[in-house]
Amino acid sequence: MSNTEAKRGERSTWSWWYLLFLIQFAAVLWPPLYNRAEPALLGLPFFYWYQLACIVVAAVITALIYLITES
Amino acid sequence: MHDVNWVALSVFVLLFGLITWLGFAAARWRQGDLDQLHEWGLAGRRFGTLITWFLVGGDLYTAYTFIAVPALAFGAGAVAFFAVPYTVAVYPLLFLVFPRLWHVCHKHGYITAGDFVRGRYGNRWLALAITLTGIVATMPYIALQLVGLQVVIGGLGISGTDLPLIIAFLILAAFTYTSGLRAPASIAIVKDLLIYVTALAAVIVIPIRLGGLGRIFAAVPHEQLLLAVPAPHSAGAYGAYATLALGSALALLLYPHSLTAILSASSGRAIRRNAALLPGYSLMLGLLALVGFFALAAGVAKLPEFAAGFEQFGNNFAVPALFLHSFPDWFVGVAFAAIGIGALVPAAIMSIAAANLYTRNIHCEFINRNPTPKQEAQLAKWVSLIVKAGALVFILFVPTKFAIYLQLLGGIWMIQTLPALVIGVYTRWLNDWALLVGWAVGTYAGTAMAISQDLKPAYPLKLGDWNLPGYTAFYTLIVNLGIAIVLTLALNALSARRVVADETVATDYHA
C-alpha cells in the first residue's frame, strides 16, 4: 500500500489548464448573473440566450483544454 | 380520443421497421464473440470518437428529455432551463474523471461500477451497495422511457390499448438480447439524425408561424418568464436552480447506462474529445426546452382536439400536441418516431447496464463464483429481459405527470455512489466501511427528505435565519461525504496497522 501510495504521482495527469473549467461552472451556476429579460436577442429574453450561449462557450473551452493538454 | 393519424402512423411504423432491422443486423457490426460479456455488454470496447458521440448522446439525452423538459417549461416556465446549466456542468466531469476510470477498467477488465469498487476497495458489500443503487435507480428510468413512448403513441391517435407499447417493448427486448450494446449504438445514429432534424424544424418553423420569438415570450406569464428573485435571507429559486443543475450533473454520469456507454469507447482520448463534442446535444436540448414555451404561446392546451391527450398525459402532451398542430402529418410521423426511437436507445443501454451489474456483482459474487464466460454472457442476456419486463410492469403504477420527479428521486440515490466512484478514481484514502456508512445515511436521508416534500426535488433547508432551498441530492451528498471523511479519520486513528486491499495501482489510471 505505502508502495502504491508513493507512486501516486498525479503530476503526469494534472494540468493547470483544467482550472479553465471553473469559468463555465461560474457562468451557469450563479443565476443572479443572468436572471433578467433584457437585453433580448431576436425576441429571446437574456436568461435564455445567455445560457444557450454558455453551452457554446463551454464547448470551446473544453476543446481548447483538450488541444492544449493532449499535445 | 381523436382518430388515428394514418399518414403519421405509417411513417412512424416505417422508421420503426428500419431500426428493428438495424438492431438485429448490428450483431454482425464490428463482429465479436457475443458469448463474452464484454462483447455483448460493452461491444468489445471498440467505439471511436464518432460512434461514442452518437451512443453517449443517444443514451444521455433520452425520450424523457424531449418530452419532460419542454413539458416543465410549458407548465412551470424558466425553472425548466436548469437542464442547460446541468449539461454545461457535466462535461468537465466527463473530461477529468471518466478517462481515468476508463483506463483502470480497461486494464483490469472491469465492466461495471461494482467491478471497479470491488477491485479498488476489496469490499464486496460496498460493491453490492453501488450495484443495488444502480439497478434500483435504473428501473424507474427505463419505465420513464416507456412513458415517453406511450405519449407519442397516444399522439398518433391510438388509444385504449397497450398493444403498441408491448410490441415496441418486444422488439426492444429481442434486439437487445441478440445484439447487445451494438444494437443501441447503431440505432442511436438514426435516432439522433431524426432528432436533430425535428429539433431544428421545430425551432425554425414554429416561431415563424407564431409571429416570432418576441411574441411567443410575451405570451409567457410574467412570473414564469424568469426565476423568482429571492427574498432577503433566502437563496430562493436561485439556490434551487443552481443546486438542481449541479446535483443532476454530478449524478448523471454515475448511472449504470452512462458508464456502460462511456466504457464502450476505444480510448480515454475518445472520451475527452466527446466532452467537447457532446455539448452539441446540450444545445439541442436547450432549444427543445424553448419548444415548451412555443406550445404555451400556441395555446395547444385550449384546443379541443388535444383535450383528451392532456387529460391522459398532462403537460407531457404539450410537445406532441404542438407538433400535431404545427407540422404536416408525414413530418409528425418523423418527429414522433424520433422521440419513440429516442426511448428505445437508452432503454436498451439501461437494461444492458443493469444486466451487467446483476451478473457481475450479484450473481458472480454471491451465487455462482466461477461461471464460464459463456454462462456469464447468457445470464446477462436473460437478466436484460427481466429488467425490461419489470419496467413495463412498473409504468402501470407510476402516474405519468410525476415522470420528471421520479427521475429526480433516482438521482438522489445515484449521487450517493459519487464518493466511492469519483473520489475512488483519484485516491484510495477513504475507508471502504466509512464509504458504506456514508452511502447508507445519504440514501436514507435523501429518500426521507424527498418523501417529506411529496417527491419534489427541492428541500427547504433552514440554517439559522437563512432559508436555503436546494436539490435534495446535493445536500445529502454533502452529508454522505462528511460522514465518509470523518469515519475514515476515526477508523485510521483507531487502528495503527491497517491492511488496505487495492488491486489497482496509480499507473492503471492513465495512458
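Trainee: How many helices and how many strands are there in chain A?
Mentor: This is a predicted model, in which local features need pLDDT of at least 70 and side-chain atom pairs count only at pLDDT 80 or more, while totals for chains, interfaces and linings use all residues. Residues are numbered from 1 along each chain as its sequence is written, with chains lettered from A and ligands numbered from 1 in the order in which they are written. Helices (H or I, at least four residues) and strands (E, at least two) are DSSP runs, numbered from the N terminus. From that end, the elements of chain A run α-α-α, and the count is 3 helices and 0 strands.

Trainee: What percentage of the 71 residues in chain A is buried?
Mentor: A residue is buried if 20 or more other C-beta atoms, placed from the backbone, lie within 10 Å of its own. Of the 71 residues in chain A, the buried ones make up 25%.

Trainee: Which helix gives the largest share of the side of chain A that touches chain B?
Mentor: Residues are in contact if their C-beta atoms, placed from the backbone, lie within 7 Å; here 35 residues of chain A meet 36 residues of chain B. On the chain A side, H1 (2–7), H2 (21–29) and H3 (46–70) each supply at least two residues. The largest share, 12 residues, comes from H3(A).

Trainee: Are H2(A) and H5(B) roughly parallel or roughly antiparallel?
Mentor: Helix H5 of chain B covers residues 83–96, and its axis lies 9 Å from that of H2(A), at an angle of about 165°. Axes are lines fitted to C-alpha atoms over the stretch in contact, with angles running from 0 to 180 degrees between N-to-C directions. Because angles over 145 degrees count this way, H2(A) and H5(B) are roughly antiparallel.

Trainee: How do the residues of the contact of H2(A) with H5(B) divide into nonpolar, polar and charged?
Mentor: H2(A) brings Phe21(A), Gln24(A), Phe25(A), Val28(A) and Leu29(A), and H5(B) brings Val84(B), Pro85(B), Val88(B), Ala89(B) and Pro92(B). Ala, Val, Leu, Ile, Met, Phe, Trp, Tyr, Cys and Pro count as nonpolar, Asp, Glu, Lys and Arg as charged, and the others, Gly among them, as polar. The division is 9 nonpolar, 1 polar and no charged.

Trainee: How many of the 12 residues of H3(B) are buried?
Mentor: Among the buried ones are Trp53(B), Phe54(B) and Asp59(B). Their cover includes H10 (182–209), H13 (236–252) and H19 (329–367) of chain B. H3(B) is mostly covered, and the buried count is 10.

Conventions: Contact = placed C-beta atoms within 7 Å. Parallel < 35°, antiparallel > 145°, perpendicular 65-115°, else oblique.
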